Amino acid sequence: MKKLLIKNIKGLVQAGEDLPTILRGKEMKSLAMIENAFLALEDGEVVSYGKMDDLSGIDDWRELEIIDGEGRYVLPAFCDAHTHTVFARSREEEFVDRINGLSYEEIALKGGGILNSARRLSELSEDDLFAAAMQRIERFISYGTGAIEIKSGYGLSLESEIKMLRVIKRLKREAPISIKATFLGAHAFPIEFKNDHAKYIDLIINEMLPKIAEDGLADYIDCFCERNYFSVDEMDRILRAGKKYGLIPKVHVNQFSVLGGVKKAIELGALSVDHLEEISEEDIEALKESDCIPTILPGCSHFLGIPFGNARRLIENDLPVALASDFNRGSSPSGNLQFIWSLACVKMKMTAEEAFNALTINAAFAMGLSDSHGRIALGRCSPIIITKEIPSLSYIPYAFGDQHIERILV
Ligand code: NIG
Ligand code: FE
C-alpha cells in the first residue's frame, strides 16, 4: 500500500464531508479552507485530514511518504468539462487571417474552421491521433486538470467520427485521469451536405448513432446550435435520437446568436449548455427552472474577441456557473485552466473563489463526476493539486500565465 502524508499545508481547500455537489448564486463564493492542515492518503484514497494540531489517524508511519506543504495550498484538481482534445493539426493560418480582419464565421464560410480540421483528421491514423492527444492530456495534468471531457466532431463522416471516438475510448483506458466522451457529429455540415442538411442528419441518426451505441463509444451527445450550423429544430431531431441510445445532451449554444437552443436543450434534459456568450432573459428563466448547468468558455471569448459570458448575471439569478477551456484549434488553443481561472476573474468579474468553484465542484457536475471529483472527502480518490509556495489562493488567477502548480496527484 502506498501511504502519503502532506503536512504543514498553508490551506487545504474544499475538503469536507458534506460539501454540496453544485453551488448556485451566492453559494459560489463559499470556500472551505483549513489552515495549517494535513492530508493523509492511502493508495490515493483520502483517509484523514484536518488541522496539524489534530494530526491523527496514522497508526503506522513505516514506508510513509511525507510531503512538506509549507507555504502551499492543497486543492481538488480542476475538471475540464468541455474540450476538443483529439485533432490532427493546428490552424494558426486562420489566426493570422483573423488578425488581418476576417472573423471566425467568415473563415468558416470559406471552408476553413471545423471543416478544415475535419479534412486533416481523415488523413491521420488512430495511433497518431491517440499519441498526440495523450501528450496534450499529460500537459493539461501538469497545469492541474484532473478530469477531462473530450468531443468528437472533426470526423463528420461515419468512418472518421467512429475513429475519433475510438481514440477517446482508448484515452479513457490509458490516460491517468477520468475522461468522458461526447459525440459531436453535429458540429458542422460537410460540404457535400451543404444543400441537404436532412441527409447528413439522417447519416448521424441512422448510421453513426447505432454504431456508437453498439460499441459503447460515448457518454454524451452534443450539437453546435448556431446560425450557419445546426438550427434548433435540427438539434431537436439529433438529441432526441441520441437520447434513445442513452446519450445525455450536453450542447454548444449561444456562441454568436440566441436562437432558442438553450430552452430546447433544457427541454431535452441537457446536463449542460455551453458557451453562452450571448444570452436572453428567456434563457435565464429556462435555466432557473432546470438542473442544467450553464458552462462558460472564456478562452474562446478571449481568442475570438467576442463577448465574455455574463457570469455575474447568472450568479445574480441564483444560478450555478461552470467554467471550461473549450480547448480546440480554432477558437481556444489553450487547455490551461489556471489561465481560464484568471480570465474569469479579470474579464467576467468572478471572484477567485467563484471561479475556482466553477472549475471544480460545478465543473465536476457538468461532466457527471460529482461523486468522485471537485472536492476532497474521506474515502474518495479524487485527483489533488499541490501548489507552489504562493502568498494566497487569489495569487493564482492574479499572476496569470505562470505555472503555480508544483505537483498533481492523480
Ligand atoms: O466550441 N463552436 C464550435 N466548436 C468549437 C470550435 C471548433 C473549431 O473551430 O475547431 C468551439 O468553439
Ligand atoms: Fe467547443
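Q: What does Arg407 count as, going by its relative accessibility?
A: Read a residue's cover by class: buried is under 20% relative accessible area, exposed over 50%, partly exposed in between (1.4 Å probe, protein chains only). Arg407 counts as partly exposed, at 33%. The model is predicted, so local features need pLDDT of at least 70 and side-chain atom pairs pLDDT 80 or more, while totals for chains, interfaces and linings use all residues. Residues are numbered from 1 along each chain as written, chains are lettered from A and ligands numbered from 1 in written order, and side-chain values use heavy atoms, without hydrogens or water.

Q: Which residue does Arg407 meet in a salt bridge?
A: Look for a Lys or Arg side-chain nitrogen within 4 Å of an Asp or Glu carboxyl oxygen. Arg407 meets Glu65, at 3.4 Å from N to O. The pair links distant parts of the chain, 342 residues apart: Glu65 is in strand E4 (residues 64–68) and Arg407 in strand E15 (residues 405–409). Strands (E, at least two residues) and helices (H or I, at least four) are DSSP runs numbered from the N terminus. Glu65 is partly exposed too, at 30%.

Q: How many salt bridges does a search of the whole structure find?
A: The search finds 23. One of them joins Arg227 to Glu105, with closest N and O atoms 2.9 Å apart. This pair also links distant parts of the chain, 122 residues apart: Arg227 sits in the loop between strand E9 (220–225) and helix H7 (232–244), and Glu105 in helix H2 (residues 104–109). Arg227 is partly exposed at 39%, whereas Glu105 is buried at 17%.

Q: Where do Arg237 and Asp202 lie in the chain?
A: Take the contact before the location. Arg237 forms a salt bridge with Asp202, closest N and O atoms 2.8 Å apart. Arg237 lies in helix H7 and Asp202 in helix H6 (residues 197–214), 35 residues apart. Both ends are partly exposed: Arg237 at 36%, Asp202 at 31%. Elsewhere, a network of salt bridges links Asp236, Arg240, Lys264 and Glu267.

Q: Which residues coordinate the iron ion (ligand 2)?
A: Donors are N, O and S atoms within 2.8 Å of the metal (3.2 Å for Na, K and Ca); water is not among the atoms, so sites may look incomplete. Here the residues are His82 (NE2), His84 (NE2), His252 (NE2) and Asp326 (OD), at 2.1 to 2.2 Å. Their spacing in sequence is H-x1-H-x167-H-x73-D. His82 is buried at 0%, and His84 is buried at 2%.

Q: Which residues come nearest to ligand 1?
A: Count a residue as around a ligand if one of its heavy atoms lies within 4 Å. There are 15 such residues, and Arg91, Tyr104, Tyr154, Gln255 and Ser331 come nearest.

Q: How far are polar side-chain atoms of Tyr104 and His252 from oxygen atoms of ligand 1?
A: For polar contacts, check N or O pairs within 3.5 Å; within protein, one atom must be able to donate a hydrogen and the other to accept it, and sequence neighbours count only through two side-chain atoms. For Tyr104 the distance is 2.5 Å. For His252, which also coordinates the iron ion, it is 2.9 Å. A side-chain N or O atom of Gln255 lies 2.7 Å from a nitrogen atom of ligand 1.
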